[in-house]
Amino acid sequence: FHANVAAPRFGGPTVHLLALGRHGVDCFCVRSGFIIVTAHRGEIGRPGAVGSYLLKRAIRLLPMLWLVVLGWAALRLAAGVGADPAQVARSLLPWPSLARPDQVVIWTLRHEIVFYLVFAVLIANARIGTVLFALWGAGVLAQAAAVAAGSPLTGVPSLVLSTYAPDFLMGAGAAQLHRRGRLPHD
């Protein structure tokens with residue numbers, strides 16, 4: 001699916017069968033919610049664990065991202081196509097933004113970062129984090145209603161309240177159900 005997204009930029013063909021992968025981001029987000037809750041459950045409500053959590057997330061995400069982004073920029077420069085320094089910089093740190101990154105598929109990481117930051121609040125303070133997750137879920141429902149009514153929020157709020165947010169929340173909820181034995185362990 002990602003190959004289909006990138007291929008037109010280089011005059012390459014798209015393969016319609018690969019369009020089946022369009023729901024891959026949803027699966028990625030659900031899995032991420034499940035994994036983060038499962039891996040960091042013991043840190044919830046422990047403010048001293050926030051730094052370690054964020055460092056682990058940065059180590060997991062950033063080195064490979066930087067390698068790909070800088071490698072991509074180097075290849076573009078070597079091919080004489082050029083690389084926009086501002087676009088490369090936006091791609092190196094995928095903060096919540098709607099600005100186009102150098103590589104289109106980096107947009108998914110922006111949603112991941114939002115989830116990481118909300119979960120960091122849960123680690124810092126379980127009560128505030130739980131309220132924030134509830135507000136996030138309510139905001140997503142309100143945004144869905146606004147979309148249906150034809151007047152959605154735009155800009156960065158639209159990213160934070162996107163249809164991918166419930167995927168993370170479903171994954172986190174599934175992790176809680178699994179932990180409580182309400183989902184099969186096999």
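User: At what angle do helix α6 and helix α8 pack, and how far apart are their axes?

Analyst: This is a predicted model, in which local features need pLDDT of at least 70, side-chain atom pairs count only at pLDDT 80 or more, and totals for chains, interfaces and linings use all residues. Residues are numbered from 1 along each chain as its sequence is written, and side-chain values use heavy atoms, with hydrogens and water left out. Axes are lines fitted to C-alpha atoms, for helices over the stretch in contact, and angles run from 0 to 180 degrees between N-to-C directions. Helix α6 (residues 126–149) and helix α8 (residues 165–179) pack with axes 10 Å apart, at an angle of about 135°.

User: Why is α6 described as oblique to α8?

Analyst: Angles under 35 degrees count as roughly parallel, over 145 as roughly antiparallel, 65 to 115 as roughly perpendicular and the rest as oblique. The angle of α6 to α8 is about 135°. Therefore α6 is oblique to α8.

User: Which residues make the contact of α6 with α8?

Analyst: Contact means heavy atoms within 4.5 Å. On the α8 side the contact is made by Ala165, Pro166 and Leu169, and on the α6 side by Phe133, Trp136, Gly137 and Val140.

User: How is the packing of α2 and α8 arranged, and is the crossing left-handed or right-handed?

Analyst: The axes of α2 and α8 lie 7 Å apart, at an angle of about 40°. A crossing is left-handed if the near helix is turned anticlockwise from the far one by less than a right angle, and right-handed if clockwise. The crossing of α2 and α8 is right-handed.

User: How many helices and strands does the protein have?

Analyst: Helices (H or I, at least four residues) and strands (E, at least two) are DSSP runs, numbered from the N terminus. Along the sequence the pattern reads α-α-α-α-α-α-α-α. The count is eight helices and zero strands.

User: Which residues are the closest to the centre of the largest pocket?

Analyst: A pocket is an open set of points on a 1 Å grid over the protein atoms alone, where a 1.4 Å probe fits, with protein on both sides within 12 Å along at least five of seven lines; lining residues have an atom within 4 Å of a point. The largest pocket holds about 710 Å³ of space, a volume being the space filled by probe spheres set on the points, which are joined across faces, edges and corners. Of its 26 lining residues, the closest to the centre are Phe28, Leu61, Val105, Thr108 and Leu109.
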